[in-house]
Amino acid sequence: MQATVSNREFTTALSDPEKPAPEGIRGQDGKKSAKRFDIYRNNVVVGLIDALGDIFPAVARLVGEGFFRDMARLYIRANPPNSPLLFRYGRSMPDFLETFEPVAHLAYLPDVARIELAWLDAFHAADTSCFSAADLGAVPESELDDLRLTPHPATRIIRSRSAAVSIVSATRSGAGLADINPTAPEDGLVTRPVLDVQLRRLPPGAAVFLQSLVDGACLADAAEAAERDCAEFDLPLAIRAMLESGAFSQRGEEA
Amino acid sequence: MPNAPQSTQRSFGGATIPPRAGAGLKTAHVDAILSDSYRIGFLEIHAENYMGDGGPPHRALGAIRENFPLSVHGVGLSIGGEDGLDKTHVARLKKVVDRYEPGLVSEHLAWSTHDNSYYNDLLPAPYDEATLARVCRHIEQVQEALGRQILLENPSTYVQFEQSTISEADFIRQIAVRTGCGLLLDINNVFVSATNHGYEPLAYLEDFPLGRVQEIHLAGHAPDVDDEGDVILIDSHDRPVDDRVWGLYETVIGRIGSIPTLIEWDTDIPEWPILRNEAMMADRILEAHAGAVPSPRPRAARG
């Protein structure tokens with residue numbers, strides 16, 4: 001009796017290296033071959049480990065390449081991808097890192113992963129023109145308070161209880177972490193004004209200001225929210241960061 | 001300078017893929033390709049890498065497409081799987097095809113998705129009547145959605161299924177006859193599978209419906225050994241094309257004439273000149289047979 005192999009049987013064995021190759025799979029001359037089936041197991045896992053390494057280069061450098069690959073293998077077992085678009089894989093990595101005991105001492109690591117996901121989103125985000133200083137200058141003064149802006153598709157704001165922004169910047173550029181106090185909270189802004197993704201630290205209160213604008217608040221309300229949140233909030237400084245980073249789309253541009 | 005909004009996209013000219021050598025497009029090679037005095041015949045992309053909304057990948061591909069014919073090669077449709085096609089993914093493929101107007105669109109006789117999990121490899125399908133019917137249905141759905149013919153690529157495999165009742169070449173012929181799809185003949189895959197399963201690659205090619213082939217793939221493979229110590233070849237795309245694969249390629253081109261031929265190199269990607277050398281090798285073989293009358297072996301119709 002010839003065994004038939006369903007996709008379910010094939011993938012169940014594929015995902016669990018402890019399981020034997022499915023009945024009904026044969027190598028040359030009809031011989032059973034565990035090693036041949038292992039080629040598929042290896043292709044799947046190594047491909048996904050490589051993909052995660054591409055998505056999280058700073059995480060990989062911070063924990064070390066070998067450790068990262070072992071950790072990625074565990075992550076993949078627990079969180080297999082559900083889309084052929086691998087640049088959308090790894091969304092739950094920050095949550096995984098929050099609870100993965102061996103990296104518990106690296107409190108900044110989950111936020112480092114969040115910034116790297118934001119970076120990748122920005123890389124693939126739609127192209128639109130940015131709201132510039134000239135665009136702001138063209139708004140009549142009487143309308144400034146009520147101005148509402150459309151976020152650029154690449155824009156992501158990250159608020160961290162650690163120095164994750166500085167750590168990502170230093171790690172990705174190959175600089176050392178010696179000058180960084182990892183426990184100092186930081187806010188970060190990821191944008192892609194033209195082709196290159198940019199990551200910058202935001203001045204105090206600017207994250208609340210920009211997040212309010214992203215959420216649809218008008219300029220006056222966003223500034224008020226930021227002032228309420230942070231005594232050091234500096235509106236001109238926040239607006240400069242907003243314009244330099246290209247965080248918003250030119251009006252009339254659809255995302 | 002602000003990015004051009006998508007609404008200003010224009011139509012590309014020169015969609016037809018010439019009967020020359022092409023290369024799999026790698027981001028690292030884009031500038032070298034655009035400034036090279038050697039004009040590669042065409043470039044091929046993995047569709048999934050261009051399914052994001054915008055940014056550097058589309059900017060680079062737009063520049064390539066303005067200067068070269070393009071072929072779109074899907075790796076994620078899971079045409080050979082038991083599950084129905086993912087309509088969202090078909091729609092994503094259509095978006096890439098509509099945007100870049102490629103000369104050829106191809107996919108694999110393989111599967112990669114089951115029960116909403118994606119397995120990131122080209123997994124083998126059994127060659128039986130149930131699979132044949134499913135693959136045909138899936139190809140018809142893709143061709144319907146895209147409004148054009150697609151090419152189906154023969155796989156490289158490491159295992160076979162006891163339940164298979166049809167030879168691979170016959171299976172592929174029946175798919176082409178039933179769906180009207182074209183074929184992409186990967187000669188490295190033929191060599192890899194023939195070695196792995198102990199048959200003659202030439203015998204496979206004798207059986208293969210060469211008259212329906214519209215594109216050829218060539219790539220490098222890596223040798224390994226299986227449990228019994230027999231040689232097993234891995235379809236690794238990480239090195240130059242093997243001399244024996246070049247030999248089979250000359251035989252095929254001698255028989256069917258010059259057709260578009262892609263060099264694939266996806267891992268341990270070399271500098272552009274090394275990949276270009278592989279393409280030039282294929283070009284020399286294609287030129288030697290240019291103008292030759294294609295003569296696919298006549299064969300009796302099969303059920």
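Guide: Strand β7 (residues 151-153) of chain B runs parallel to strand β9 (residues 182-186) of chain B, and three bridges link the two. Strands here are DSSP runs of E with at least two residues, helices are runs of H or I with at least four, and both are numbered from the N terminus; two strands pair if DSSP finds at least two bridges between them. Within this pairing, B:L152 sits opposite B:L183 of β9(B). This is a predicted model, in which local features need pLDDT of at least 70 and side-chain atom pairs count only at pLDDT 80 or more, while totals for chains, interfaces and linings use all residues. Residues are numbered from 1 along each chain as its sequence is written, with chains lettered from A and ligands numbered from 1 in the order in which they are written.

Now step back to the barrel: in chain B, eight strands close up in the order β1-β2-β3-β4-β7-β9-β10-β13, with parallel pairing. Across β9 and β10 (213-219) of chain B lies helix α8 (residues 243-256) of chain B, at about 165 degrees to β10(B). Contact means that the C-beta atoms of two residues, placed from the backbone, lie within 7 Å.

Chain B also pairs with its neighbour: strand β1 (residues 25-26) of chain A and β8(B) run antiparallel, joined by two bridges. There, A:I25 has B:F161 as its bridge partner.

Conventions:
Axes fitted to C-alpha atoms, helices over the stretch in contact; angles between N-to-C directions.
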